[in-house]
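Dear colleague,

Please find the structure below, handed over for your use. My findings follow it.

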Amino acid sequence: MSTATLPQRTETLPQRAMRHPAVVPVGAVIIAVLIGAVIMLAAGLNPVDAYAAVITGSLQLGSLDYTFSVWGFICGMGLAAAIPLRMGEFNMGGNGQMVLGGVTAYIVAAELGLPGVLAVPLAIVAAMLVGGGFAAVSAPLSSRFGIPIIISTLLLSPVAVAIASFLVRFPLADTGSGVAQTPRLPDDAHIWALGGLRYTSVGLLLIVAIMVVFYLVDSRSAVGFEMRVAGANRKFAAYGGLVSSRLALGSMAAAGAVAGLVGAIIVMSSPFRFIDGALVSPGYTFAGLAAALLAGGRPALVPLTAVLFTILQVGGAAMERTADVPRQLSDVVQGVVIVILALRVVLDARRSGAGKDA
């Protein structure tokens with residue numbers, strides 16, 4: 001049948017609007033917020049007061065310094081998830097990569113006795129190398145042994161956290177302290193603060209610079225194009241001559257390096273020591289993964305989606321103080337967003353597979 005005889009399909013404006021790529025992410029956020037409101041109503045709490053406390057608690061002038069630093073950490077962990085996500089891989093091992101980077105940065109900055117001008121940059125580089133190397137292990141496990149990256153990163157992460165915990169509790173422990181932590185870093189090894197700010201440091205500028213580099217690589221380079229092709233259709237990429245295993249190795253190494261950088265910045269910032277559990281408990285990896293999924297892995301959108309989860313993260317404490325709503329509710333909202341967006345990824349993959357089979 002010639003194309004001239006095919007019936008012309010018309011699409012209404014609402015149908016075109018529903019096909020917009022922003023519909024699912026925005027809908028996921030709205031549904032998550034509504035679910036959080038229903039939970040609060042069921043518990044006899046006022047959701048309007050709670051959400052107002054979240055916003056004012058995170059954006060008030062006195063909190064902006066801390067809010068900016070948390071935004072940087074979530075952006076960093078968002079990149080650690082977004083880079084492999086561009087080629088369809090899920091990095092679930094951000095916690096392990098981050099704590100290995102943090103403990104490596106501490107060892108280089110505190111144990112080698114280097115002057116500050118050398119200690120800070122060398123600690124950051126070492127943290128990125130260790131974090132990147134640890135994450136890269138998942139690539140050959142996938143290509144040679146068929147272990148999916150999402151599984152290997154998920155299983156290896158607790159091992160790395162346990163190793164870091166052992167080092168902090170025994171060889172690097174601050175003797176005489178009741179808390180599992182290292183001694184305080186020398187003054188020379190503190191990462192440089194921005195102006196007179198307490199929490200925001202040069203580390204935020206490094207993360208912003210990496211976001212710009214990721215955007216340029218993704219949009220202007222052959223590697224970025226190859227990653228997007230592999231993410232859209234792995235078989236088509238192989239047919240076109242792309243080596244997916246090499247792309248996976250590079251993307252996981254880059255993702256782990258960014259996570260290691262975040263760990264180094266946290267350890268070399270106030271209180272200038274590695275405290276066992278302090279890197280993992282805030283949930284930067286969880287929030288970063290949610291931000292990356294909400295952005296669809298697009299590097300230009302990660303900083304914007306990270307704002308939402310930063311507000312939830314920082315405002316959760318204010319919500320608990322002023323509205324008497326547990327801060328864990330913000331984790332519930334983030335979790336609902338992740339579930340909805342992950343479900344969309346699975347459905348898209350199945351739809352794509354069905355199309356190929358047909």
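This is a predicted model: local features need pLDDT of at least 70, side-chain atom pairs count only at pLDDT 80 or more; totals for chains, interfaces and linings use all residues.

Helices 4 and 5

Helix 4 is mostly covered, with 19 of its 22 residues buried. Its length agrees with expectation, because 22 residues at 1.5 Å a residue should span 32 Å and the end C-alpha atoms of helix 4 are 30 Å apart. Helix 5, residues 94-111, is likewise described as mostly covered: 14 of its 18 residues are buried. From its first C-alpha to its last, helix 5 reaches 25 Å, close to the 26 Å expected at 1.5 Å a residue. Just after helix 5 comes Gly113, which takes a positive phi of about 65°.

Cavities and a pocket

How many cavities of 30 Å³ or more does the count give? It comes to two. The largest cavity holds about 50 Å³ of space. Its lining consists of Ser69, Gly72, Phe73, Tyr199, Thr200, Ser201, Gly203, Leu204, Ile207 and Ile265. The elements that give two or more residues to this lining are helix 4 and helix 9 (202-220).

Helix 4 also takes part in the second largest pocket, where helix 4 (64-85), helix 14 (302-322) and helix 15 (328-357) each supply at least two residues of the lining. This second largest pocket has a volume of about 680 Å³. It is lined by 26 residues, and those lying nearest its centre are Tyr66, Val70, Ala278, Pro282 and Tyr284.

Val267 is found in helix 12. This residue counts as buried because its relative accessible area is 0%, and buried means under 20%. Val267 and Gln181 are 86 residues apart along the chain, and their C-alpha atoms are separated by 11 Å.

The loop between helix 12 (244-267) and helix 13 (284-294) contains Pro271. What is the form of the peptide bond from Ser270 to Pro271? The bond is cis, with omega near 15°. Phe272 also has its place in the loop between helix 12 and helix 13. Its phi is positive, at about 60°, although Phe272 is not a glycine. As background to both features, most residues other than glycine have a negative phi, and most peptide bonds are trans. Is Phe272 buried or exposed? With a relative accessibility of 15%, under the 20% limit, Phe272 therefore counts as buried.

A nonpolar surface patch

Phe145, Ile147, Ile150, Ile151, Leu154 and Leu155 make a nonpolar surface patch of about 560 Å². Which element gives the largest share of this patch? That share, four residues, comes from helix 8 (residues 149-169). Ile147, by contrast, lies in the loop between helix 7 (138-145) and helix 8. Ile147 counts as partly exposed because its relative accessibility is 33%, which falls between the 20% limit for buried and the 50% limit for exposed.

In brief, the points to look up in the model include the cis bond from Ser270 to Pro271, the positive phi of Phe272 and the nonpolar patch of about 560 Å².

With kind regards

Technical notes:
Residues are numbered from 1 along each chain as its sequence is written. Side-chain values use heavy atoms; hydrogens and water are left out. Patches are made of residues with over 30% relative accessible area and no salt bridge: like charges are joined within 9 Å, nonpolar side chains (Val, Leu, Ile, Met, Phe, Trp, Tyr) within 5 Å. Accessible areas come from the Shrake-Rupley method with a 1.4 Å probe; for residues, only the protein chains shown count as cover. A salt bridge is a side-chain nitrogen of Lys or Arg within 4 Å of a carboxyl oxygen of Asp or Glu. Buried means under 20% relative accessible area, exposed over 50%, partly exposed in between (1.4 Å probe, protein chains only). The expected span of a helix is 1.5 Å times one less than its number of residues. On a 1 Å grid over the protein atoms alone, a cavity is a set of points where a 1.4 Å probe fits but cannot get out, and a pocket is an open set with protein on both sides within 12 Å along at least five of seven lines; lining residues have an atom within 4 Å of a point. Grid points are joined across faces, edges and corners, and a volume is the space filled by probe spheres set on the points.
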